[in-house]
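Here is a short walk through one protein model, with a few stops along the way. Have the structure open beside you as you read.

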Amino acid sequence: MGVVNVTPDSFSDGGRWFEPEAAVEHGLRLLAEGADLLDVGGESTRPGAHRVSPDEERRRVLPVVADLVAAGAVVSVDTTRAAVAAEAVEAGAHVVNDVSGGLADPEMYRTVARTGAVYVAMHWRGPSDVMDGLARYDDVVAQVRDELAARVAEALGAGVAPEQLVLDPGLGFAKQGADNWPLLAHLDALTGLGRPVLVGASRKRFLGHLLADRDGVPAPPEGRDRATAAVSALAAAAGAWCVRVHDVPGSADAVRVAAAWRAARDVTTHGETSGAHHA
Ligand code: PMM
């Protein structure tokens, strides 16, 4: 999944593709580089970010969604608003990517159920301007798993079909730096919930800290792409269905490596496939 942020202020690529034409052109480049899916978002979720109005969000994302769909792309809309999600699906989006997992808008599950779109439910505890204060865990893996399982139960109760659901640990969202690694290392806790898993590690702060220089200065966002590709390889090898990234070529190669790795692992020493884990 390649990221197309139509925002002036995203932490990782803020403002570079804010004009619709530039955003569409960027999306087409990501497709040419190997993305299977494009995630179009009009509202920054960077830590501390404030909300944009629904009309402004519509103005940013809908034309870009429509143009990319017309160009043949499979498009996801990154929104927490049910109305924007519905209009994006009407414009041709196939996937609704909701970083709030349905907690920001009480209409989201019913809207998703009605449209039949694929729905990514990310682990979330509150809006970007307060989320850093909500990162308190005794056992981050068990709590994120259980809180996502509660979202799944509520979505199903509102009529969303199980096949529509994709789950996401929400790296960096109400997570302190050190909370992200156990979630990655125990991805099986989430794949164990029985739905495909999406991982969004790309250019996030915890990678900047990992790659800090000798003085402790974090690596800048563009300096985190190789580490992002490494996470993509490991996440895909651990069974992730999708990785959401800004820089596509490294992660496209990484997921191919992981697919070959998994396929070879599933072949027994007698040359027969176990058949259980084919990606
Ligand atoms: N992260 C961001 C935005 N949208 N969606 C999902 N499903 N998972 C994520 O981890 C995620 C997301 C923040 O990154 P950006 O500001 O670079 O887009």
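## Starting at Val-245

In which loop is Val-245 found? Val-245 sits in the loop between β8 (242–243) and α10 (248–265). Please keep in mind as you look around that this is a predicted model.

Is Val-245 buried or exposed? Its relative accessible area is 4%, and buried means under 20%, so Val-245 counts as buried. Setting aside neighbours within four places in sequence, Val-245 is in contact with Met-1, Gly-2, Val-3, Ser-202, Thr-228, Ser-232 and Ser-251.

The pairing of β1 with strand β2 (residues 38–41) is parallel and runs over four bridges.

What is the order of the strands in the open sheet? Its six strands follow the order β1-β2-β3-β4-β5-β6, with parallel pairing. At the edges stand β1 (2–5) and β6 (165–168); each has a single partner strand, so one side of each is left without a neighbour in the sheet. On average, neighbouring strands of this sheet are turned by 25° against each other, direction ignored.

## Around the ligand

How many residues are around the ligand? There are 17, and those that come nearest are Asn-97, Asp-168, Lys-204, Arg-244 and His-246.

Asn-97 has a polar side-chain atom 2.7 Å from a nitrogen atom of the ligand. For Asp-168, a polar side-chain atom lies 2.6 Å from a ligand nitrogen atom.

## Salt bridges

Side chains of opposite charge can pair when their charged atoms come close. In this model, the count comes to 17 salt bridges.

Let's take Arg-81 and Glu-57. Their salt bridge has its closest N and O atoms 2.7 Å apart. The pair links distant parts of the chain, with Arg-81 in the loop between β3 (75–78) and α3 (82–90) and Glu-57 in helix α2, 24 residues apart. Are these two residues buried or exposed? Both Arg-81 and Glu-57 are buried. They also belong to a network of salt bridges that links Glu-43, Arg-51, Glu-57 and Arg-81.

## Two partly exposed pairs

Helix α2 (residues 54–70) also holds both Arg-59 and Glu-56, which are three residues apart, about one turn of the helix. Their side chains meet in a salt bridge of 3.0 Å, N to O. Arg-59 is partly exposed, with a relative accessible area of 47%, and Glu-56 is partly exposed too, at 22%.

The last stop is Asp-146 and Arg-145, whose side chains meet in a salt bridge, also with 3.0 Å from N to O.

Conventions. Residues numbered from 1 in each chain as written. Predicted model: local features only at pLDDT ≥ 70, side-chain atom pairs only at ≥ 80, totals over all residues. Heavy atoms only, no water. Salt bridge = Lys/Arg side-chain N within 4 Å of Asp/Glu carboxyl O. Buried < 20%, exposed > 50% of the residue type's maximum accessible area, 1.4 Å probe, protein only. Contact = heavy atoms within 4.5 Å. Pairing = 2+ DSSP bridges. Axes fitted to C-alpha atoms, helices over the stretch in contact; angles between N-to-C directions. Near = heavy atom within 4 Å. Polar contact = N/O pair within 3.5 Å; in protein donor to acceptor, adjacent residues only side chain to side chain.
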